[in-house]
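Thanks for coming. I will show the structure first and then go through it in parts.

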Amino acid sequence: MITLNSALIVTAILFSLSLIGLVLNRHNLIVLLMCVELMLLAVNTNFIIFSHFLNDLAGQVFVFFILAVAAAEAAIGLAILILIFRKQKTINVSELNTLKG
Amino acid sequence: MTLLQFIFYVFSALMLLSAVGTIISRNPVHGALFLVVCFVASAGIWLMLQAEFLGLVLVLVYVGAVMTLFLFVVMMLNLDKLPSRAGFKKYWPFGILILLLLVGLMIYVVAPSHLSLASNAIAIPHPADYSNVQALGAVIYTQYVYAFEIAAVILLVAIIAAISLAFHAFHQDTKRQNISKQVQTTAAERLRLVKNMGKE
Amino acid sequence: MTHFPILSLLIWLPILAAIVVLIIGDDAHANKIRVLTLVTTLLSLVLCAVLWAQFSLTTYQFQFVENLSWIPAYNINYALGIDGISLPMVVLTVITTLTVILASWHVVQKHVAQYLATFLLMQGMVIGVFCATDTILFYMFWEAMLIPIYINIGMWGAERRVYASIKFFIYTFAGSVVMLVAILYLRAHAGSFAILDFYNLRLTQGEQDLIFIAFLLAFSVKVPMWPVHTWLPDAHTEAPAGGSVVLAALMLKLGIYGFMRFSLPITPDASHALSWLMIALALIAIVYIGLVAIVQTDMKRLIAYSSIAHMGFAVLGTFMVYLIMSNVANTGYAQMSLEGAMVQMVSHAFSTGALFIGVGILYARIHSRLISDYSGVARVLPVFAVFMMIFSLSNVGMPGTSGFIGEFFVILSAFKANFWIAFLAALTLILGAAYTLWMYKRVFFGKVTSEAVANLKPIEPAEFIALAILAFFVIFIGVYPQPLLNVFHASIGHLLDISLVSKL
Amino acid sequence: MQLLLTAILLPPLLGAILAGIFGTIIGRVASHRVTVLGVLISFICSCIIFKNFILDHQSTQNIIAYTWGTSGAFQFNVGFLIDNLTATMLMVVTSVSLLVHVYSIGYMRGDAGYQRFFSYISLFTFAMLMLITANNFFQLFFGWEAVGLVSYLLIGFWFTREPANFGSLKAFIVNRVSDVGFILGIGGVITLFGTVDFLPVLAQAPKVAASLPTISLFAGTSWSIITVICILLFIGAMGKSAQMPLHIWLPESMEGPTPISALIHAATMVTAGVYMVARLSPLYELSASALTFILVIGATTALFTGILGVVQNDIKRVIAYSTLSQLGYMVAALGASAFAAGIFHLVTHAAFKALLFLAAGSVILALHHEQDMRKMGGLRRYLPLTYSCFLVGALALAAIPPFSGFYSKDAIIEAVHLSTIHGASYAYVALMIGVFVTALYIFRAFFMTFHGSCSANSASQDNIRENGWVIWLPLVILAIASITIGMIVKHADALQLALHAFTSLPFWLAIAGIVTAWFCYVIRPAIPAMLANKFSWLYYILIKKYGFDDFNQIVFVRGTRALAQLLYNYGDQRLIDDGLVNGSGRLIQWISATLKRLQTGYIYNYALAMIIGVLALVLWQMLIA
């Protein structure tokens, strides 16, 4: 049977992977958004695991809402991405440093 | 090692590898496709955890909608291959270090002793006729109906926001149809009667 | 006491006049403005005369008291009153402003209205500081006073005026903000802002030390005491003639007035404990600054340093009280040292103010403050040279001039405190003579070398009157200081009684 | 009595003010008349007082004019104390001042600052009179400083000449150095006796001294306060009466016009120190160590400055050094507790030294401001009157019996001889050699100027002739005074003393001095040159005035300036101005610059920062739990 621990380990690794992808990513924003999606996925999986092992549906309900929000977020993220591309003609992360002090 | 565990390990390995793939891949399309694989694998895991409805919803919503959105954007911006992964290579060891640190921390934090669970909680198998969707529906439309509405509103807001941000109808250099002007033409402007059709 | 609000009039008359002058504004009818300003100051002088006449020498209580509630919510009220310590200061302010307006009659041509308005505002606010018996009113005037002088230096000063005025402003402001904290703390304990309530407020030694240090920061910048004095030479070299006279004659007195009005009576034990530090700083100011003054090449900077040394004397006189009392029972010597400090303040205002007017006169003609640019001015302007000789002698502390009394009293009482303090203080006789008379020699004596000095314009009647008034006061106080000293006896005696009693 | 005193004090002041402020208006003649009249009135009144006190033995008067100021428990008032000492001093000051006023009418005729000069000298007379008649330390200090101030103004009278300015500033500062000691002395008096008035102080002195009050100047050591006060006051006197270490200003003060040298640097100002010690003699009697200090200082000054007189070539400088030496004699007399002898020498010295200065002045005037003795010679034929007056002065100075100098100097030598305090023997020997040296330098100057060949070129020789009555009348009066004062004062045994002189050593030393001077400068003029290059190192030391001037110039003047420059550059400019003030400005700019670099603009940096934050939080939480 799947044990709670092993499941959590998998989601932990997934979460850390996505985090590193987010931080060390040197190419473009798309990968950035994907990593965010991955992170959300890891969190949802966690919820599912706990709702399964604690036999409480609340976890799944919560995942349901997270999916909604995640979808919304992805949409707006891509819209912003398009705007950045239209404005800066690039979405390469290292070139987007207008925030520089 | 039961078949279930084996399948679980296969799916989680698939998920992790595809996750690494999305991060490492140079071509955004590859990244997106790897992400799809990752979603499907996690849907598999969810099904194994008896969250059938959400597993399928995951596939439908994410793989169907979000990934197509990604690919659509990638195609639209026709991003060519990324110059190099130099950056990534340079920080490779540093990344692993943080990875291990994070994982170690999370495992330590989430260890059962902290969550006042029995050392290794065992899931209670559901009776055969148990339907996840029915159970979920009962809960959503009773306790969480208010949150459900809000989720709907959020999605609506997302749609409007995405359109208002990205839609630049009034840009000068794009050719557009002006429906209302097209409609106001008269027959004379449009129709030209030619006497001897087909003789020349 | 007459119910006629003489103090409020003294404060608000010049401020109103300043507003009127600002309204008239443009330089077209500059002379009308000058006459108006002169009339205001003369009026204030008459008021001062009335004040001095009706001032009773026997009581130490505040006189001419006025008390209107201002912000009832916090029990802050518009309370005025003067005693022996603040009366001479008020009279000093009016006389200095009068002489400054006379001295800069033709000097400033552009923005005359604003220039004179700053002096009128200064006069009003400084008198406000000296008359306020409510700490918040005192603090308000104390901060408000910075603005006119800041504008005065900043607008009409010499080349590096902006740097100098900003430095001056920040220096003084930083100090006085800490004072505000102390005042609020005291208010929390005393229940009201009146100074008298603070006087009889029980405070532990720790509290007193902190409050004393807070007051010390604010007042030591104003005095200026040794480590925080570098703003003064810059402010003086860059200020216009009138500005630096007011700065020297009035602003420097506030520091020591503050010590006498606040530090000594409110925190007697802390003053006792830290009096050694104050004496050390004062002695450094006398000897170190005296030496530094010798090598100055700029006249105004030299006089600025000399005024730091003189103020060091006043601080020495104020804080030697405790050391003296540890050596002798009766308060005779301690009172003499305090009164020496008071006289030093009054006489310094006249002599240094006059010296600055003199240098201003030379600057107005040759636009240079460097000593090396002048030689043999005595041959060209003998009368001016005589005036400057009188003021230099007062600066040196020559008996018969006002400068001598303060130093004489302080050195004599210093001998009671400790021989070496008296010895170091007495060094000022040599240093003072060295830098002042050496400057006088290089500027006034010698052959007329530069052609600019040769055809110096003679001094104008307005300038002559200004110098004459100051010379009269310097000589009169020098020859017969009794009327001035009588004013001090009662209030200095009372100040001594309360600051020698421990409040633990 | 009050009226008499105001009649003495006010006229010179009024004269000074009139001549000073309205000088140019009322013109030269009127201004000198006003001042001379003023001094004349005070002279006559002084004679009246002199008659009352010395002849009719009136008791001491202590009058308070007005209370100058009261502070704490002390009252400072302007008052007058008149007794025999004051009467004699009044006579000396007013008479010499009157003669100098008359003399300078002739001497300063052509000068531009004529009125200013007269205003200064009568201001000086007023200041000196205030000093002499003071009845408390405060007024004494007022007179003290005022006299120093006017001597500063007079030395620097021709302020266009650089040496005059330098000399006047140096004189003033050295006087101020000694005034530091003086004011500390007054501080001591007021702490010990609680008052500054002379009479109460002198009355309580023995009783207070009995209780042996001590003060510990340096840790552990304890000095008797009386000695400390006496030495401090004497330091004040040393500056004014130009004793050894503080004598450096007197030679430079010769830059001023000659009349003032006669008035200030011979008769009045320099004697102020001697007068003060004499006035406070009861106080000085209580401290033997102070008296020893005074005796030693006096004797050393007498001897060593006298020797310097021998090598001077400027006629005024010779007389200046002779003044230093004679002052040394007076101070030595005070040290030996012979206050009367000291004052007596002061009076006689005032007469013959003023005579010598005025005679030198008339020589300089005749030779059109030529002061170098080597360019003079053989003036006996052209200036007979000055010649004889100078001779009388020289004989009086050298202490030859019939002249007044002998009586006073002989009294001093006797007193020092009998004195038993420490250093008395050294002082006696020094004074004896001093007698020989005095005779030597004054007659050297006498022979160089009046005898030998006239080195002035022939053209100007015939127009050297005596000056007007205004010049020679004061000379004659002073000459008569130099001769008669000694005899008048010692009228009883004048003759007997004169005869006794022939058997005593000092007389023969004086004669020996005159003979050597006559031999070296008239018979064999080559000897001095030969001696000079034989003992060249000794000659060099004497020329360099024992290195006092150079030492003072290098160590004090340049030293303080260097120290001041150092303090200013590093203390004020570098440390406080740049270091603290501008430094704090720069510090804030540096902090903001470094913080700025944190905002890199890259998102991933911010993400990284967030992660590290979370990690830290979790770790911290773990450690806490």
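Which of the four pairs of chains in contact share the most contacts? Chains A and B do. Before I go on, please keep in mind that this is a predicted model.

Let me stay with chains A and B for a moment. On one side, 68 residues of chain B take part, and they are in contact with 56 residues of chain A. Seen from chain B, the elements that each supply at least two residues are helix 1 (3-24), helix 2 (28-48), helix 3 (52-76), helix 4 (86-90), helix 5 (92-110), helix 6 (132-140) and helix 7 (145-166). By class, that side of chain B has 57 nonpolar residues, ten polar and one charged.

Some chains do not meet. Chain A and chain C have no contact, and their closest C-alpha atoms lie 28 Å apart. Chain B and chain C do not touch either, with 47 Å between their nearest C-alpha atoms.

Now to chain D. Chain D has 26 helices and four strands. Its C-alpha trace spans about 120 × 65 × 60 Å along the principal axes. Of its 625 residues, 53% count as buried. If we take the contacts in chain D between residues at least 6 apart in sequence, 79% of them join residues at least 24 apart.

Next is the contact of chain D with chain C. Chain D gives 46 residues to this contact, and chain C gives 46 residues. On the side of chain D, strand 1 (61-71), helix 5 (137-155), helix 6 and helix 25 (548-598) give two or more residues. Which element of chain D provides the largest share of that side? Helix 6 of chain D does, with 16 residues. The side of chain D that touches chain C is made up of 25 nonpolar, 14 polar and seven charged residues.

Helix 19 (residues 419-444) of chain C packs with helix 6 (residues 162-193) of chain D at an angle of about 160°, and the axes are 9 Å apart. Therefore helix 19 of chain C is roughly antiparallel to helix 6 of chain D. The crossing of these two helices is right-handed. Residues that make the contact include C:Phe423, C:Leu427, C:Ile430 and C:Trp438 from helix 19 of chain C, and D:Leu169, D:Phe172, D:Arg176 and D:Ile183 from helix 6 of chain D. In this contact there are 17 nonpolar residues, two polar and three charged.

The axes of helix 11 (residues 241-266) and helix 15 (residues 332-366) of chain C come within 7 Å and cross at roughly 165°. So helix 11 of chain C is roughly antiparallel to helix 15 of chain C. This crossing, too, is right-handed. Among the contact residues are C:Ala248 and C:Lys253 of helix 11 of chain C, and C:Gly353, C:Phe356 and C:Gly360 of helix 15 of chain C. The classes here are twelve nonpolar, four polar and one charged.

Now the interior. In soluble globular proteins, nonpolar side chains tend to be buried together. The largest nonpolar core here has 428 residues, and C:Val90, D:Ala332, D:Ala354 and D:Leu355 touch the most other members. Apart from neighbours within four places in sequence, C:Val90 is in contact with C:Leu10, C:Cys48, C:Leu51, C:Ile82, C:Ile127, C:Phe130 and C:Cys131. A second, separate core has 71 residues, including A:Ile48, A:Phe64, B:Ala19 and B:Val36.

Why is helix 5 (residues 135-144) of chain C described as largely enclosed by the rest of the structure? Because seven of its ten residues are buried. Those are C:Thr135, C:Ile136, C:Leu137, C:Phe138, C:Tyr139, C:Phe141 and C:Trp142. They pack against strand 2 (76-82), helix 4 (112-131), helix 7 (161-190) and helix 8 (195-199) of chain C.

My last item is a loop residue. C:Leu57 is in the loop between helix 2 (30-54) and strand 1 (63-71) of chain C. C:Leu57 counts as partly exposed because it has 13 C-beta neighbours inside 10 Å. Leaving aside neighbours within four places in sequence, C:Leu57 is in contact with C:Asn486, C:Val487 and C:Ala490.

Methods: Residues numbered from 1 in each chain as written. Chains lettered and ligands numbered in written order. Predicted model: local features only at pLDDT ≥ 70, side-chain atom pairs only at ≥ 80, totals over all residues. Axes fitted to C-alpha atoms, helices over the stretch in contact; angles between N-to-C directions. Parallel < 35°, antiparallel > 145°, perpendicular 65-115°, else oblique. Left-handed = near helix turned anticlockwise from the far one by under 90°. Contact = placed C-beta atoms within 7 Å. Nonpolar A, V, L, I, M, F, W, Y, C, P; charged D, E, K, R; others polar. Core = buried A, V, L, I, M, F, W, Y, C linked by C-beta atoms within 7 Å. Buried ≥ 20, exposed ≤ 12 C-beta atoms within 10 Å, placed from the backbone.
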